[in-house]
Each structure stands twice: as structure tokens, then as C-alpha cells.
Amino acid sequence: MNANDRTQRTPPVRESAYSVILRNDFTEILMVLNEHGMFTKHGVQGFDGIAVKRRGWGCPGGGAEKGENSRGAAIRETRQEASIDVVIDESNVWVSTPVRDYHRKTYFLVESFEGTPRLNPEFKKEIIQVEWVPAELFLYRDDKDDVFFQGQPIYRGHARMLRELLKHAGIIKA
């Protein structure tokens, strides 16, 4: 096997972008409760084809479309999921490193937003609820702790990222 064969078999990195929207002196974070299908995986043979529904709270955002940069994806996805327009602070960004799933996630701290966060009827199959979540629920917890809001989990990756981004921005102390 030569180097070209190895490169051809490596899946491309998937890009996703999220908006971190704070209010009330950084005590509340806007989150969306989403539900999406995923497949269970067994061993190295790949997917077994069993679809399961997964629900959880996360920052508004999602996958970048072809030709779209992360900043544009965060703005578009936030408009779609929470019905608001955001101004991104590009000096406070946290980017995850893709590992096994070849998925890079970029989180942007939002400087300001226009509108009132609410459900967008066009995305009601994916987004179930839009809420301001108290920051103390998960900002100071250990990464291994499961955190719940209104009986649904907050995605661990989002909680971990929020802690790191808010430390970097000087909003919380390390």
C-alpha cells in the first residue's frame, strides 16, 4: 500500500459550527433541545443499520454546507434553529481537534444578537425547544459528569467546550 492509497481511504473532515450566546452577565446560555437519528455501531465492520433517536441540549449550530466557512455556518444554523441573527466575536473561538470521527467542531462566542430566540416552525422536526439554560448547571463540573436540564442531557462536548471558551474569554476563572 502506498501513501496515496492511505489518503484515499481517509474520510474527509466534517465541519460543524456553533454559536455560544450569553445573557444576564453571562449567567445564562442559549441552548436548543434537538432530536436526531443516529446509527449504532458494532466493531470495525461498520454500521449495523439500526436507527435510534437521540435527544440533548446543545448550542445552536450544525454542519457547514459545501463551500461555507465555519463562521457562515454558525450564523446560518443559529438563524434556522433559534430564529435570531448573531454577530460573531472571532477573537473568542474554540476549535475541537477531529479524532476518530473526523469531525471538527468550531464554537464562536457571540458579541450580540437581534431578535427573540424561539422555535423556527421549519425546523420543528429537529429542534424541539429553545431555552436560556443557567450556566451554573455545568460550567464548573467535571467533564465526566452528566448534566441534565428539564430532564434531558446537555451534550458533554458542548459543556466541555463552554468551560474552555469562557475561560479563554476571561468570563470564568480557571
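Ser83 sits in the loop between helix H2 (70–82) and strand E6 (85–95); helices (H or I, at least four residues) and strands (E, at least two) are DSSP runs, numbered from the N terminus. Its phi is positive, about 60°, although Ser83 is not a glycine. The model is predicted: local features need pLDDT of at least 70, side-chain atom pairs count only at pLDDT 80 or more, and totals for chains, interfaces and linings use all residues. Residues are numbered from 1 along each chain as its sequence is written, and side-chain values use heavy atoms, with hydrogens and water left out.

**Loop residues with positive phi**

- Ser83 is buried, with a relative accessible area of 17%; buried means under 20% relative accessible area, exposed over 50%, and partly exposed in between (1.4 Å probe, protein chains only).
- Gln150 also has a positive phi, near 50°, and is a residue other than glycine.
- The loop that holds Gln150 runs between strand E9 (148–149) and strand E10 (152–153).
- Gln150 counts as partly exposed, because its relative accessibility is 47%.

**The sheet**

- Four strands form an open sheet in the order E5-E1-E7-E6, with mixed pairing.
- Two strands pair if DSSP finds at least two bridges between them.
- Strand E5 (61–63) and E6 stand at the edges with a single partner strand each, so one side of each has no neighbour in the sheet.
- From one strand to the next, the twist averages 25°; axes are lines fitted to C-alpha atoms, for helices over the stretch in contact, and angles run from 0 to 180 degrees between N-to-C directions.
- E1 and E5 run antiparallel and are joined by 3 bridges.
- Tyr18 has Gly61 in E5 as its bridge partner.

**Aromatic pairs**

- The structure holds 3 aromatic pairs.
- Rings of Phe, Tyr and Trp (its six-membered ring) pair if their centres lie within 6.5 Å; planes under 30 degrees apart count as stacked, over 60 as edge-to-face and the rest as tilted.
- Tyr18 and Tyr107 are stacked, because their ring centres are 5.0 Å apart and their planes stand at 20°.
- This pair links distant parts of the chain: Tyr18 is in strand E1 (residues 14–20) and Tyr107 in strand E7 (residues 103–114), 89 residues apart.
- Tyr18 is buried at 10% relative accessibility, and Tyr107 is buried at 2%.
- Phe113 and Trp132 form a tilted pair, 5.9 Å centre to centre with 35° between the planes.
- Phe113 lies in strand E7 and Trp132 in strand E8 (residues 127–134), so the pair ties together parts 19 residues apart in sequence.
- Phe113 is partly exposed at 28% relative accessibility.

**Around Trp132**

- Trp132 counts as buried, at 14% relative accessibility.
- Not counting residues up to four places away in sequence, Trp132 touches Ile21, Leu22, Arg23, Glu28, Ile29, Leu30, Phe113, Pro117 and Phe149; contact means heavy atoms within 4.5 Å.
- Arg23 is 109 residues from Trp132 along the chain, with 8.5 Å between their C-alpha atoms.

**Helix H3**

- The 13 residues of helix H3 (residues 156–168) should span 18 Å at 1.5 Å a residue, and the end C-alpha atoms are 18 Å apart, which agrees.
- The expected span is 1.5 Å times one less than the number of residues.
- Buried residues in H3 are His158, Ala159, Met161, Leu162, Arg163, Leu165 and Leu166.
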